[in-house]
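Hi everyone, thanks for making time for this one. Let me put the structure up, and then we can walk through it together.

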Amino acid sequence: MFSAAALLKNALSGHTGWTPHWRKAAPKPRYDVVIVGGGGHGLATAYYLAKVFGITNVAVLEKGWIGSGNAGRNTTIIRSNYLLPGNIPFYERSMKLWEGLEQDFNFNAMVSQRGVLNLYHSDGQRDAYVRRGNALRLHGVDADLLDRDQVRAMVPMLDFDNARFPIEGGLLQRRGGTARHDAVVWGYARGADRRGVDIVEGCEVTGLRRENGRVVGVETTRGFIGAGTVGLAVAGNTSRLAAMADLRLPIESYVLQAFVSEGIKPLLDTVVTFGAGHFYISQSDKGGLVFGGDLDPFPSYAQRGGLPVAEDVAACAMAVMPMLGRLKILRSWGGIMDMSQDGSPIIDRTPVEGLFLNAGWCYGGFKATPASGWCFAHLLATGELHPDAAALRLDRFSSGRVIDEKGAGATPNLH
Ligand SMILES: Cc1cc2nc3c(=O)[nH]c(=O)nc-3n(C[C@H](O)[C@H](O)[C@H](O)COP(=O)(O)OP(=O)(O)OC[C@H]3O[C@@H](n4cnc5c(N)ncnc54)[C@H](O)[C@@H]3O)c2cc1C
């Protein structure tokens, strides 16, 4: 338990008295709910199942170690500045949960509401941001349109007079920011474990066993595990798991890369996104600049990216913040994105009885972690879609009620 007394006691004893945050659970023969995938979404689902709905006979099965997928690979940005009515209530629920998360699970997730600033570079783009800002405010979400001077006061080192992409202003969500991704995973794991959830690492699901059309459990590298209900939260591996139940989903897997520079003194105290290309940047508390850009342009299951995108990200960086050219990039990595056909997620039951789906997070699932867990737990516990996630249905692709946030159509690599 983290309390002032425990911190003091352990500080005085050389921090040797802390116990592991979660047990190394061995799988039981059967659970009421089996969640496949020990990323943020799977663990948050287990946490809220236990905490909010009192369902504790739950296992989270993870093929590697928890957080080894996209949860531990993302660039940690949280925000709720979406445009469309199907998305705004869901992401705003997530934002509100972020705001109380550390108190809720009693773990320091380093939630930092340092603001997310989207730059605009033309009058047309400004008008689009005005529309987005108004949509947000109509839903009670904060949004401020800044002019060029206000942006300059916040982030003076940007290239305001770039010949091709001069900066005219920005749309700011002050409540947006960052959170420490690993700590989010650990906090949910700890909270779920304490309520009786088994977190089983090193346990790959290799098959979904069905009887009379209903899923009755999962085949794993550690044997068969029976389940009343199975929930998939496997991000980039969603198509592989769905194929085990003979399902073909409107999801394709692509690699997204991230980069981190050498550590420097505090430079950037907000998150900035370039409006004329795909580039975004923030500074971690260790001092490294963390940035990223576009997807690699072809489907892949490799957890590493190619050089053309690295070059494009570097070019965008130089266009918006030329001083970055003086820095060394220390590390880069990739994660597998579960890109849906309209760029929005899915939290729903599947046509296979007993099998539920949490997927389609594209670039943006980290910020969604709390609401995703809450709404998926609600669905697993009650069988009903949560009102804030009611639009995130699987059948929207066949009924035409897509949530095409970017207006890019059925082109996953453009979302
Ligand atoms: C480079 C990068 C930058 C990003 N930046 C941001 C950002 O700034 N903000 C934001 O909101 N989002 C961001 N994202 C997206 C975000 O990270 C993801 O959408 C989110 O983490 C998905 O969470 P998850 O729990 O669904 O998936 P994951 O964390 O990937 O968890 C799925 C887990 O399932 C496990 N698994 C897969 N197959 C099996 C199996 N057969 N059996 C058992 N376990 C299995 C995997 O090992 C994995 O641990 C970024 C992603 C990347 C890669």
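Tyr 91 sits in helix α3, which covers residues 88-105; helices here are DSSP runs of H or I with at least four residues, strands are runs of E with at least two, and both are numbered from the N terminus. Before I go on, a quick note on provenance: this is a predicted model, local features need pLDDT of at least 70, side-chain atom pairs count only at pLDDT 80 or more, and totals for chains, interfaces and linings use all residues. Residues are numbered from 1 along each chain as its sequence is written, and side-chain values use heavy atoms, with hydrogens and water left out.

So, is Tyr 91 buried or exposed? Tyr 91 counts as buried, because its relative accessibility is 3%; buried means under 20% relative accessible area, exposed means over 50%, and partly exposed is in between, with a 1.4 Å probe and protein chains only. Which residues does Tyr 91 touch? Leaving aside residues up to four places away in sequence, Tyr 91 touches Arg 79, Ser 80, Tyr 82, Pro 345, Trp 361, Gly 364, Lys 367 and Ala 368, where contact means heavy atoms within 4.5 Å. Gly 72, on the other hand, is 19 residues from Tyr 91 in sequence and 20 Å from it in space, C-alpha to C-alpha.

Next, Cys 362. This residue is in the loop between β18 (355-359) and α9 (365-382). Cys 362 has 6% relative accessibility, so it counts as buried. For those of you who like backbone torsions, phi of Cys 362 is near 50°, a positive value in a residue other than glycine.

Asp 246 also has a positive phi, near 60°, and is likewise a residue other than glycine. You'll find Asp 246 in the loop between α7 (238-243) and β12 (251-263). Asp 246 is exposed, because its relative accessible area is 62%.

Now over to Glu 201, in the loop between β8 (198-200) and β9 (205-211). With 16% relative accessibility, Glu 201 counts as buried. What does its side chain do? The Glu 201 side chain makes a polar contact with the side chain of Lys 24, at 3.0 Å. A polar contact is a pair of N or O atoms within 3.5 Å; within protein, one must be able to donate a hydrogen and the other to accept it, and residues adjacent in sequence count only if both atoms are side-chain atoms. Not counting residues up to four places away in sequence, Glu 201 touches several residues, including Trp 22, Trp 65 and Arg 222.

Gly 69 is partly exposed, with a relative accessible area of 30%. The C-alpha atoms of Gly 69 and Gln 303 are 8.9 Å apart, although 234 residues separate the two along the chain.

Let me zoom out to finish. The protein chain has 10 helices and 18 strands. Its radius of gyration is 21 Å, close to the 22 Å that the globule rule gives for 415 residues, so the chain is as compact as a globular protein of that length; the radius is taken over C-alpha atoms, and the rule is 2.2 Å times the number of residues to the power 0.38. Along its principal axes, the C-alpha trace spans about 65 × 60 × 40 Å. Buried residues make up 55% of the 415. Among contacts between residues at least 6 apart in sequence, 75% join residues at least 24 apart.
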